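Trainee: Please take me through this structure, starting with the terms I shall need.

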Amino acid sequence: MKNIILDANTISDIDKSVHKILRGLGNPEPPLDLSTVLDLLNLDKQYYTNNDDGLLSEVINRLTVAGKQILQHPDSLWNAIRNFDLKALYIPEQKRIYIDGDLHKIKHRWNEAHEIAHEIIPWHTDILLGDDKYTLSNACHAQIEAEANYGAGRLLFLGKHFESAANDYDTRFKSILDLHNLYNNSITTTFWRFIECTHTESKMFGMISEHPYYPKSPIDPSAPCEYFIQSQSFADEFSADIINIYKQIESCCSYRRQQIIGEGIIQIENTNGQVHDFSIEIFCNYYQALTLGRCIGEHKSIFTIPGQI
């Protein structure tokens, strides 16, 4: 699935909301302490498990204005948590964030920030409360989740602080690892934001997929990756053939299980039919393979003349 590129007005509005929070915290240095954000916004946090019937039943019973669908069908929230494997949710009526306690701790930080973003993006409250002006089609749901992801990233990486710091690093995977340590966010989260928000003139992409030689489940040839992340510069020029890109990435992978598992040069055609070379690095965090690609120029074909060296 390709990341959704938000329009300039949406980005500006979310940035203003995040800037207000960071200003209220005194423009902190990294890493951000999320408990200070919760205190500033008067939000509560609680953990649940899919087996915690008592807590989830209490949540459902307390909902008084959290959307007509939930009111008409009290089991709908419970079913959503169970059937859609929700890892976190935010209930505006309670000013409370619920996080799946079974989730790996490394993911708690991102999910907490994502739900905070729903609170600080002004139009999300109306959506979460079931305002009749909004119809949550699949496309609308994808849009608001993309907006919350963007807001979470801007919050965790302290707005423009990350862009300024990251632009002093080169576009290599080592830079992502260094920034991951500096901001105390997961490697995957740092990887995603690095591609979307830094080095704006660089044509970069990222792919999140299974390790081709050690997949946790069979890889679908028609949808070989979980996420395909594009920088704005990349999206403006390339309409990526993800299957073709994956095949080239796969050919560069080694049998190593962790750290850098492959490097190489692949070719991607832009919308004008021109082929460009991309330098790629493939990093495996044991759970997933993260491929960083950066354009290094137009592909130069090498022709040889028979009989000449």
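Mentor: A residue counts as buried under 20% relative accessible area, as exposed over 50%, and as partly exposed in between (1.4 Å probe, protein chains only). This is a predicted model: local features need pLDDT of at least 70, side-chain atom pairs count only at pLDDT 80 or more, and totals for chains, interfaces and linings use all residues. Residues are numbered from 1 along each chain as its sequence is written, and side-chain values use heavy atoms, with hydrogens and water left out.

Trainee: Which class does lysine 174 fall into, then?

Mentor: Lysine 174 counts as exposed because its relative accessibility is 56%. Its side chain forms a salt bridge with aspartate 178, the closest N and O atoms being 3.0 Å apart; the term requires a side-chain nitrogen of Lys or Arg within 4 Å of a carboxyl oxygen of Asp or Glu. Aspartate 178 is partly exposed, at 28%.

Trainee: And where do lysine 174 and aspartate 178 lie?

Mentor: Both are in helix α10 (residues 173–183), four residues apart, about one turn of the helix. Helices (H or I, at least four residues) and strands (E, at least two) are DSSP runs, numbered from the N terminus.

Trainee: How many salt bridges are there by this rule?

Mentor: The count comes to 10. One of them joins glutamate 112 and lysine 45, at 3.1 Å from N to O. Glutamate 112 is buried, with a relative accessible area of 5%, whereas lysine 45 is partly exposed at 30%.

Trainee: What is the N to O distance between glutamate 163 and arginine 154?

Mentor: The closest N and O atoms of that salt bridge are 2.3 Å apart. Arginine 154 is buried at 5% relative accessibility, and glutamate 163 is partly exposed at 22%.

Trainee: Changing topic, what lines the second largest pocket?

Mentor: Its lining includes Asp15, His19, Leu22, Pro28, Arg154 and His161. The largest share, four residues, comes from α1, and about 180 Å³ of space lies inside the pocket. The search uses a 1 Å grid over the protein atoms alone: a cavity is a set of points where a 1.4 Å probe fits but cannot get out, while a pocket is an open set with protein on both sides within 12 Å along at least five of seven lines, and lining residues have an atom within 4 Å of a point. Grid points are joined across faces, edges and corners, and the volume is the space filled by probe spheres set on the points.

Trainee: Which residues of α2 are buried?

Mentor: In helix α2 (residues 34–41), these are Leu34, Val37, Leu38 and Leu41. They fall within an arc of 100 degrees seen down the axis, so they line one face of the helix; the arc is that of the directions from the helix axis to the C-beta atoms. Among the elements covering them are α1 (8–24), β1 (44–48) and α8 (138–156).

Trainee: Where is proline 31, and is its peptide bond from proline 30 cis or trans?

Mentor: Proline 31 is in the loop between α1 and α2. The bond from proline 30 to proline 31 is cis, with omega near 0 degrees.

Trainee: Which residues does histidine 108 contact?

Mentor: Leaving aside neighbours within four places in sequence, histidine 108 contacts Tyr47, Ile99, Asp100, Gly101 and Leu103, where contact means heavy atoms within 4.5 Å. Histidine 108 is found in helix α6 (residues 105–120) and is buried, at 11%.

Trainee: Lastly, what is the mean pLDDT of the chain?

Mentor: The mean is 86, and 82% of the residues reach 70 or more. pLDDT is the predictor's confidence in each residue, from 0 to 100. It stays under 50 over residues 62–74, and pLDDT is also under 50 over residues 129–135. Where pLDDT is low, the predicted coordinates should not be read in detail.
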